[in-house]
Amino acid sequence: MKKIAVIGAGLTGAAAAATLMEQGYQVTVFDKGRSAGGRMSSKRTEQGYLDMGAQYFTARSEEFKQQVQLWLEAGKAGVWACNTALLCNEDGHSSLKNSTDDQARFIGIPSMQSPLNALLQDIPLITSCRIQKLELSQKRWTLVCETGLSYTDFDAVLLTLPPVQAQQLLKQSRLPELFHDATTLLEPCWAVAMQADASPAGDAIFCQHPKLRFISHQQHKTGRNSCYILHFNAAFSAEHLHKPPEFWFAEARVILSEELKIQQNIEPLVAHRWLYASQNDQVPAPGLITLPDQQLWIGGDWSYGGRVENAYLAGLKLAQAIIHNYKLQQETV
Ligand SMILES: Cc1cc2nc3c(=O)[nH]c(=O)nc-3n(C[C@H](O)[C@H](O)[C@H](O)COP(=O)(O)OP(=O)(O)OC[C@H]3O[C@@H](n4cnc5c(N)ncnc54)[C@H](O)[C@@H]3O)c2cc1C
């Protein structure tokens with residue numbers, strides 16, 4: 001039985017691991033975080049979850065629609081009954097307009113990582129384990145964790161990390177640095193959760209704004225703390241990347257009071273910095289990066305243009321590429 005190491009327990013890693021497991025491979029998943037989820041993580045609070053990363057997902061491809069249907073049937077996902085709106089701010093003048101579309105938007109229940117956890121249910125997962133080096137000897141891979149522990153004897157390794165982190169790991173492992181320019185693919189985002197008693201102007205507010213790209217209100221999300229989550233856009237987040245949470249709380253407060261006209265108490269909850277959040281749409285998506293001779297396979301949401309659906313598709317395609325490669329090897333023996 002082939003033994004596969006999946007590094008990264010975001011949706012790409014979870015989808016790849018579940019597909020390989022289904023086909024009889026022995027899979028172990030590693031993540032540097034305390035739990036699985038990656039950019040689909042929600043933060044647990046006493047009042048309920050805060051979705052600090054992905055707010056919802058859409059399903060356009062047949063493969064992902066089928067998976068979403070399974071999650072809906074299992075109660076791991078639901079439709080987000082959200083009112084959408086558009087916040088525009090040009091030359092300092094802001095306007096908030098209703099905007100309707102018939103796009104189905106889905107959320108994990110009770111948290112964004114619930115569907116992903118369902119995929120990983122029966123798969124060994126080693127958390128709090130940042131892999132800092134890969135070693136290949138006699139066609140067997142060893143993974144070295146920053147704690148000093150080593151995990152040995154893998155036939156293949158899948159890297160499902162954001163490109164900068166994947167490139168760092170390749171470099172530390174003295175492997176070829178396979179990305180042409182890893183730094184431009186994913187852009188940063190500061191995400192800020194704020195409590196405000198006022199009834200929300202919309203659940204999903206798309207922003208054409210010098211600082212913001214999205215505001216979400218969690219009132220119609222099962223299991224969540226009812227509050228606002230503001231996502232600052234890549235340019236503003238990058239410009240103030242190293243500013244402390246207090247800076248972001250102050251920015252969020254001004255936007256809620258001046259642009260959404262909220263006069264009641266506004267209280268800060270959590271500010272989280274994502275260094276590698278979402279795809280830079282000016283840079284072409286590179287697809288999967290595969291080295292079948294070494295059994296090293298690399299992919300993520302960035303392979304196909306970012307977003308939750310593309311992470312799922314990347315995981316599926318990575319697993320299919322590995323399975324196909326082993327079938328070819330068997331046929332030529
Ligand atoms: C603020 C924000 C808002 C978003 N909003 C949406 C949205 O509304 N809709 C949508 O479709 N998408 C959205 N996205 C994008 C979506 O979250 C991602 O496309 C998707 O979750 C990426 O999954 P992934 O598995 O490819 O990567 P990730 O989720 O980043 O998983 C990579 C994993 O690798 C781990 N890792 C990194 N380095 C190491 C190492 N050396 N050793 C071990 N583990 C390591 C990380 O801890 C992480 O868990 C948003 C993202 C952010 C950040």
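This is a predicted model: local features need pLDDT of at least 70, side-chain atom pairs count only at pLDDT 80 or more; totals for chains, interfaces and linings use all residues.
Strands of a sheet pair through backbone hydrogen bonds, either parallel or antiparallel. Here, 7 strands form an open sheet with mixed pairing, in the order β7-β6-β15-β16-β17-β14-β18. The edges are taken by β7 (93–98) and β18 (266–279); each has a single partner strand, so one side of each is left without a neighbour in the sheet. On average, neighbouring strands of this sheet are turned by 20° against each other, direction ignored.

From the sheet, move to the loop between β16 (212–217) and β17 (228–232), where you will find N225. This residue counts as buried because its relative accessibility is 3%. Leaving aside residues up to four places away in sequence, N225 touches T45, Q47, G48, Y49, L50, Q195, Q218 and L269.

Finally, take a look at the cysteines. A search of the whole structure finds 0 disulfides. C88 is in no disulfide, and the nearest cysteine sulfur, that of C207, is 8.9 Å away. C88 counts as buried, because its relative accessibility is 7%. What about C145? Its closest cysteine sulfur, in C129, is 3.0 Å from its own, too far for a bond, because a disulfide needs the two sulfur atoms within 2.5 Å. With 2% relative accessibility, C145 counts as buried.

Definitions and conventions
Residues are numbered from 1 along each chain as its sequence is written. Side-chain values use heavy atoms; hydrogens and water are left out. Helices (H or I, at least four residues) and strands (E, at least two) are DSSP runs, numbered from the N terminus. Buried means under 20% relative accessible area, exposed over 50%, partly exposed in between (1.4 Å probe, protein chains only). Contact means heavy atoms within 4.5 Å. Two strands pair if DSSP finds at least two bridges between them. Axes are lines fitted to C-alpha atoms, for helices over the stretch in contact, and angles run from 0 to 180 degrees between N-to-C directions.
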